[in-house]
Amino acid sequence: MGYSEYDMWLQGGEGLPPEPCFAAGPSLPPEGFRLTQDAEGFRIESADEAGRMYGSYALQACLKLGKQPDGSVSAPAVPERILNHWDNLTGEVERGYSGKSLFFKDGELYYDPGRIKDYARLLSSAGINRVCLNNVNVTPLSARLITDKLPDLAELAAIFRPFHIKLIIAVDFGSPVLLGGLPTADPLDDRVIGWWAQAADRVYEAIPDLAGFLVKADSEFRDGPAAMGRTQADGANVLARAVKPHGGKIWWRCFVYNCEQDWRDTKTDRPKAAYDHFFPLDGSFDANVTLQIKHGPSDFQVREPNSPLLGAMKHTAQAMELQITQEYTGQQIDLYALAVQWEEILSAAVSGTRTMRSLIGEEIGAMAAVANTGNDANWTGHTLAQANLYAFGRLAWDPSLTAKEILSDWIGLTFGTEPALREPLLGMMLSSRGTYEKYTTPLGLCWMVNVHHHYGPSPEGYEFSKWGTYHRADHKAVGVDRTANGTGYIQQYHPFLQALYEDADRCPEELLLYFHRLSYDFKLKSGKTLLQHIYDTHFEGVEDVTDFMKTWESLKPLLPESAYAPVAVRLARQLENAKEWRDVINTYFFRKTGIPDSKGRHIYR
């Protein structure tokens, strides 16, 4: 870094202490730092320039939050903390809820250098050090980023570089045909091998520190090796060998499944796909290939189990992929603090003795997430959704943190540490995940959203589709049987989890309908029937959102109007959404069963 970030804070800042003493700490881990304080002031030790930068950010946070440096070493759990933008060169953002792209417009790189510099500072302050700018669903237009768009992309990389952020480019597996004019993209064809090597040479000549390429192949109509009779390892390795001389890596997404499934087929099961495709190939991937695995086997749903593929491959580099943009969790209209869900994901068992958290930094060597930022003035559309970007960076750095710790810090850094504001807002945010789940899909059902745009309820919108997104509700029962007697999906898990999930009486209740097909009179541990639980939670969810609105209104005197008013508008929209979910889902199940609500509340016929 050619300058001190701390110097920048000092310029015009009020009440800041003198510049800290920076010291070399050769024994510290890469990017790590140690903060201390003595009579002479603050001291930041680091082994490298990145650690110095992160230490400066950490010191500023300590000062803002009124904390004292404790002298402990802080270092990232994983070396690659990756943000995946789904931005198209048209300027549109797939699953974007914060305006247009920060980087592209009308087929060109188009951006405000000053705003990108601010963005780079924003990301690095949260600990993010890799950014893929373009959509994994690469279009013919964005495929040209590795040809005639390279000079412009190199200029953008130069803005991120002082903040120790390296770029990644999403590439089309079919590029040898699309860009090179070859008759095939077969990864074992010598012409294809040569084309990728030459393409990598050109890219790295323009951007020598490019982190590598991100690839979505054989998925949702994307080109891939399977169509040519090759394995996923064949496809990934040809790119890996092209970038290896330059120190580059390949991130190969494992979101590979049959998206033209017949709903009549009750054995083909979408959640099984990633494990079926990739687990048999363990050890076949080159060392500079990282498999990027979605945290859940479905698709960023409100509730689903962790993917059995995570941690299962002992001889293959893996990254866990999360989604910051709220595609299925409120689309940055409804309040949803993802840190709560992510803490659950990391705390979940992977065996009888280990949790997912224990795999981070070992079997799982990188963390990636789909970005929620755009060119809206506040970056994320919903002001409180900024906490989700911050939370991803913090958890990728230190997965032992709790949602409460992260959200408390974010509130303090954003709005101040006044308890009268901090405590009520923290309560809102910590309960937001549970509230959203209450009024949307119950007990791990998934896929009851409107088709295509995925906001609002449509209980059977995907039920007879080709996407493999079924709950199979009828008048007697609901849910998918994924036991050994059903699709057999549970058999992909560690034996400890197999035994847990196979037994409906022991299975975590929040996942009951993900793993089991149950009658509506099935008794939960609360003593309620499954159907009464559905009715109750959907009524409760609306009440919770009403309470959110009251809490937010009570905070108005403590907030700037620019922060208060937009959130108030979105909470009002959330309330309407919650009511729609309540009425549609409760009516749907009442019509299926004819069983009324035991509490006599109004359900539409």
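Me: Does Cys446 count as buried or exposed in this structure?
Reply: The model is a predicted one. Buried means a relative accessible area under 20%. Cys446 has a relative accessibility of 3%, and Cys446 therefore counts as buried.

Me: Which cysteine holds the sulfur closest to that of Cys446, and how far away is that sulfur?
Reply: A disulfide requires two cysteine sulfur atoms within 2.5 Å. The separation found for Cys446 is too far for a bond. The closest cysteine sulfur belongs to Cys507, at 13 Å.

Me: How many disulfides does a search of the whole structure find?
Reply: Cys21 is in no disulfide, since the nearest cysteine sulfur, that of Cys62, is 17 Å away. Cys446 also has its closest cysteine sulfur too far away for a bond. For the whole structure, the number of disulfides found is zero.

Me: Which residue of E3 is the bridge partner of Cys21?
Reply: Strand E1 covers residues 21-24. Four bridges join E1 to strand E3 (residues 41-46), and the two run parallel. In E3, the bridge partner of Cys21 is Arg43.

Me: Which strands stand at the edges of the open sheet of four strands?
Reply: The order in this sheet is E1-E3-E2-E4, with mixed pairing. Two of the strands have a single partner strand each, so one side of each is left without a neighbour in the sheet. These edge strands are E1 (21-24) and E4 (73-74).

Me: What kind of aromatic pair do Tyr119 and Trp379 form?
Reply: A search of the whole structure finds 30 aromatic pairs. In the pair of Tyr119 and Trp379, the distance is 5.4 Å centre to centre, with 25° between the planes. Planes under 30 degrees apart count as stacked, and this pair is therefore stacked.

Me: How far apart in sequence are the parts that the pair of Tyr119 and Trp379 ties together?
Reply: Tyr119 lies in helix H3 (residues 113-125). Trp379 lies in the loop between strand E14 (364-370) and helix H10 (386-397). Both residues are buried, with relative accessible areas of 0% for Tyr119 and 15% for Trp379. The parts tied together are apart in sequence by 260 residues.

Me: Which residue lies over the face of Trp379?
Reply: Trp379 belongs to an aromatic cluster with Phe103, Phe104, Tyr119 and Phe160. At 3.8 Å from the centre of the Trp379 ring lies a further residue, over its face. That residue is Arg115.

Me: Which helices and strand do the buried residues of H9 pack against?
Reply: Seven of the 10 residues of helix H9 (residues 338-347) are buried, so H9 is largely enclosed by the rest of the structure. The buried residues are Leu338, Ala339, Val340, Gln341, Trp342, Ile345 and Leu346. They pack against strand E13 (317-323), H10, helix H11 (403-415) and helix H12 (419-439).

Me: Is Phe300 buried or exposed?
Reply: Phe300 lies in the loop between strand E12 (289-294) and E13. Its phi is near 55°, a positive value in a residue other than glycine. With a relative accessible area of 4%, Phe300 is buried.

Conventions:
Residues numbered from 1 in each chain as written. Predicted model: local features only at pLDDT ≥ 70, side-chain atom pairs only at ≥ 80, totals over all residues. Heavy atoms only, no water. Phe/Tyr/Trp six-rings, centres within 6.5 Å; stacked < 30°, edge-to-face > 60°. Buried < 20%, exposed > 50% of the residue type's maximum accessible area, 1.4 Å probe, protein only. Lys NZ or Arg CZ within 6 Å of the ring centre and 35° of its normal. Pairing = 2+ DSSP bridges. Contact = heavy atoms within 4.5 Å.
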